[in-house]
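This report goes through one protein model by topic. Please look at the sequence and the structure before reading on.

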Amino acid sequence: MILSAYIPETPVAPTTLISTNTVVITWIAPDEHGSPITEYTIKIRDSTGVYLSELTDCDGTDTLIVASTQCIVPLTTLYATPFELIKGDSIDVKVSAHNVYGESDLSPVGSGANVVTIPEEV
């Protein structure tokens with residue numbers, strides 16, 4: 001029998017939850033296809049509809065984030081450049097998984113919690 005490994009399966013849509021002044025992003029680790037997942041790319045939609053991954057609080061190369069499949073982003077980060085989200089905006093997230101063989105496709109868009117506070121209130 002010959003077993004082979006390849007890129008991870010595409011993750012299912014992540015979930016987002018507003019908790020106090022943060023957004024908790026969680027996802028389920030996809031099938032790694034024979035090679036451990038080494039990192040994730042987490043992308044959040046900005047106010048213009050572009051998905052960005054400039055998240056120091058949600059760095060998918062961090063081993064704790066890889067192990068927990070969760071990260072926490074301050075709402076102030078999402079109010080600021082480059083995201084510039086405002087009250088009522090949906091926090092839409094996509095995730096991809098990496099192993100030594102490459103990167104999966106991005107997941108479908110996550111649950112999209114809505115920004116419920118005005119940035120000046122935070």
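Is Tyr 40 buried or exposed? Tyr 40 is buried, with a relative accessible area of 3%. Here buried means under 20% relative accessible area, exposed means over 50%, and partly exposed lies in between, with a 1.4 Å probe and protein chains only.

## About the model

This is a predicted model, in which local features need pLDDT of at least 70 and side-chain atom pairs count only at pLDDT 80 or more, while totals for chains, interfaces and linings use all residues. Residues are numbered from 1 along each chain as its sequence is written, and side-chain values use heavy atoms, with hydrogens and water left out.

## The nonpolar core

Tyr 40 is among the residues with the most contacts inside the largest nonpolar core, which has 24 residues. A nonpolar core is a set of buried Ala, Val, Leu, Ile, Met, Phe, Trp, Tyr and Cys residues joined through side-chain atoms within 4.5 Å. Elements that give two or more residues to this core include the strands β2 (22-26), β3 (39-45), β5 (70-74) and β7 (93-99), and the helices α1 (63-68) and α2 (75-79). Helices (H or I, at least four residues) and strands (E, at least two) are DSSP runs, numbered from the N terminus.

Contact means heavy atoms within 4.5 Å. Beyond four places in sequence, Ile 42 touches Ile 25, Trp 27 and Val 93, among others.

## An aromatic pair

Rings of Phe, Tyr and Trp (its six-membered ring) pair if their centres lie within 6.5 Å; planes under 30 degrees apart count as stacked, over 60 as edge-to-face and the rest as tilted. By this rule there is one aromatic pair. Trp 27 and Tyr 40 form it edge-to-face, with 5.1 Å from centre to centre and 65 degrees between the planes. Trp 27 is in the loop between β2 and β3, and Tyr 40 is in strand β3, 13 residues apart. Trp 27 is also buried, at 4% relative accessible area.

## A salt bridge

How many salt bridges does the structure hold? The structure holds one, a salt bridge being a side-chain nitrogen of Lys or Arg within 4 Å of a carboxyl oxygen of Asp or Glu. The partners are Arg 45 and Asp 92, whose closest N and O atoms are 3.0 Å apart. Arg 45 lies in strand β3 and Asp 92 in the loop between β6 (90-91) and β7, so the pair ties together parts 47 residues apart in sequence. Both Arg 45 and Asp 92 are buried.

## Backbone angles

Most residues other than glycine have a negative phi, and most peptide bonds are trans. Thr 20 has a positive phi, near 55 degrees, and lies in the loop between β1 (15-19) and β2. His 33 also has phi near 55 degrees, in the loop between β2 and β3. Thr 20 is exposed, at 69% relative accessible area, whereas His 33 counts as buried at 13%.

A cis peptide bond joins Thr 81 and Pro 82, with omega about 10 degrees. Pro 82 is in the loop between α2 and β6.

## Thr 16

Thr 16 lies in strand β1 and is buried, with a relative accessible area of 9%. A polar atom of the Thr 16 side chain lies 2.8 Å from the backbone nitrogen of Ala 113. Contacts of Thr 16 beyond four places in sequence include Val 23, Ile 91 and Ala 113.

Terms used: Polar contact = N/O pair within 3.5 Å; in protein donor to acceptor, adjacent residues only side chain to side chain.
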